[in-house]
Amino acid sequence: MNRMPVCSSNIRYIGYDPESKILELEFHSGSIYQYYEAPENIYQSIMRSASKGSYFHNYTKSRHSYRQVR
């Protein structure tokens with residue numbers, strides 16, 4: 001999965017795999033999380049959002065199952 005660097009005080013990279021519907025976030029802390037069954041419009045919206053951390057917290061974090069990869 002290719003991840004794109006983003007301007008965020010909390011998030012370093014964001015990636016998305018449309019085939020598996022996995023949204024992947026790497027935080028400045030070094031932790032990486034994968035969120036499952038995330039529709040592509042969530043990825044597109046978070047990438048367009050002025051505050052990626054706020055968007056993630058409000059629309060993704062508690063709505064999708066996830067696992068910590070690192």
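Q: Does R3 count as buried, partly exposed or exposed?
A: In this predicted model, the relative accessibility of R3 is 29%. Buried means under 20% and exposed means over 50%, with partly exposed in between. R3 therefore counts as partly exposed.

Q: Which residue forms a salt bridge with R3 at 3.2 Å between the closest N and O atoms?
A: A salt bridge needs a side-chain nitrogen of Lys or Arg within 4 Å of a carboxyl oxygen of Asp or Glu. The partner lies in strand 3 and R3 in strand 1, so the pair ties together parts that are 21 residues apart in sequence. At 3.2 Å from R3, the partner is E24.

Q: What is the relative accessible area of E26, and is this residue buried or exposed?
A: The side chain of E26 meets R3 in a salt bridge at 2.5 Å, N to O. E26 also meets R12 in a salt bridge, at 3.2 Å. R12 is partly exposed at 29%, whereas E26 is buried, with a relative accessible area of 5%.

Q: Which residues do salt bridges with shared partners join into one network?
A: The count of salt bridges comes to four. R3 pairs with E24, and E26 pairs with R3. E26 also pairs with R12. The network joins R3, R12, E24, E26 and R70.

Q: At what angle to strand 2 does helix 2 run?
A: The open sheet has five strands in the order 1-2-3-4-5, with antiparallel pairing. Helix 1 runs at about 150 degrees to strand 2. Helix 2, residues 52–59, lies across strand 2, strand 3 and strand 4, and its angle to strand 2 is about 55 degrees.

Key:
Residues numbered from 1 in each chain as written. Predicted model: local features only at pLDDT ≥ 70, side-chain atom pairs only at ≥ 80, totals over all residues. Heavy atoms only, no water. Pairing = 2+ DSSP bridges. Helix = DSSP H or I, 4+ residues; strand = E, 2+ residues; numbered from the N terminus. Contact = heavy atoms within 4.5 Å. Axes fitted to C-alpha atoms, helices over the stretch in contact; angles between N-to-C directions. Buried < 20%, exposed > 50% of the residue type's maximum accessible area, 1.4 Å probe, protein only.
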